[in-house]
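The structure comes first, then the description.

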Amino acid sequence: MKFTLSIAMNPLDQLGELARAAEEAGFASIALPDSLFYAETVDTDYPYTPDGSRFWTADTPWVDPLVAAASMGAVTSRIHFYTSVLKLGSRNPVLLARQVGSVAALTGGRFGLGLGVGWLPQEFEYCGVPFERRGKRVDEAIDVLRLILGGGMVEYHGEFYDFDKIQMSPTPPGRVPFYIGGHTEVALKRAARVADGWSSAMMKLDDLRSTIARLKELLAECGRAGDPFEYQAVCIDAFGLDGYRAQAEAGVTDVITMPWVFDGVGFDAPVEPKLEAIRRFGAEIIAKFEE
């Protein structure tokens, strides 16, 4: 099992130091969150908190995840980056392919693309994209991304996206892995059908265990039972060596965590206590977990 550092909602001037510390501590990856903007009023509840409320404010920093990956990639050499998860529904996949290919090339292939549909109607509306039929549109957008990022001269003629032969260079140095986020049956089926892994939001261990079991059933139905597949988890009730071992037994392959939270250190705190928490996590958890 691998460990991934989440940098959600941290000040931008701390990201380089956090990335370097995570690499030195033995983290495999950095998870990059995504939020386009803070709408003053919303038409629907946030789906991953018990009461549907957002746990951030209009002033919380949400750096573009692709820009963040390029910036942190420039000051590291081994650690990987992936979006967790980028909202594809409100984005144009041709433009996104340009960005993803650039980041993958600039980081030497140390980039994975975690994708979700998006939960907020305003993000679709204000970006000029219909909220209706968003799932079908995302399925087609994933096809477009795969096609363009595969390199060479390609064309696509679908219901939502249509273009004649184009080529984007540079081509990513290797295959960009796709991870699908979401807890619904539709999202799980999409992950089993087209992705290299699945990424959770905040879930309890028992829910993770049952969701991973369901994903394995769906992978078998798709003829992919033997394919490599990652299970990236934000677990909210299993911590410490015993908790992480329980996650591994449940099928989690990649724990997403923010170590300073265990010390009561807030997102907007100075960087030093965060760096110390990362180093301690590396020594007390990652090193011992690998023994």
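The text below takes the pocket, then the helix. The model is predicted.

**The second largest pocket**

This pocket has a volume of about 160 Å³. Its lining counts 16 residues. Lys2, Ser29, His80, Pro177 and Tyr179 lie nearest the centre. Three strands, β3, β5 and β10, each supply at least two residues of the lining. β3 gives the most, with 3 residues. The table shows how the lining of the second largest pocket divides by residue class.

| Class | Residues in the lining |
|---|---|
| Nonpolar | 6 residues |
| Polar | 5 residues |

**Helix α7**

Helix α7 runs over residues 205–221 and has 17 residues. From first C-alpha to last, α7 reaches 24 Å, close to the 24 Å expected at 1.5 Å a residue.

Which residues of α7 are buried? They are Leu205, Leu208, Thr211, Ile212, Leu215, Leu218 and Leu219. These residues lie on the same side of α7 because they cover an arc of only 135 degrees around the axis. On the other side of α7, Asp206 and Glu221 are exposed.

The cover over the buried residues of α7 includes two helices, α6 (185–194) and α8 (240–250). It also includes the strands β9 (197–203) and β10.

Just after α7 comes Gly223, with a positive phi of about 75 degrees.

Terms used. Residues are numbered from 1 along each chain as its sequence is written. This is a predicted model: local features need pLDDT of at least 70, side-chain atom pairs count only at pLDDT 80 or more; totals for chains, interfaces and linings use all residues. Side-chain values use heavy atoms; hydrogens and water are left out. On a 1 Å grid over the protein atoms alone, a cavity is a set of points where a 1.4 Å probe fits but cannot get out, and a pocket is an open set with protein on both sides within 12 Å along at least five of seven lines; lining residues have an atom within 4 Å of a point. Grid points are joined across faces, edges and corners, and a volume is the space filled by probe spheres set on the points. Helices (H or I, at least four residues) and strands (E, at least two) are DSSP runs, numbered from the N terminus. Ala, Val, Leu, Ile, Met, Phe, Trp, Tyr, Cys and Pro count as nonpolar, Asp, Glu, Lys and Arg as charged, and the others, Gly among them, as polar. The expected span of a helix is 1.5 Å times one less than its number of residues. Buried means under 20% relative accessible area, exposed over 50%, partly exposed in between (1.4 Å probe, protein chains only). The arc is that of the directions from the helix axis to the C-beta atoms. Contact means heavy atoms within 4.5 Å.
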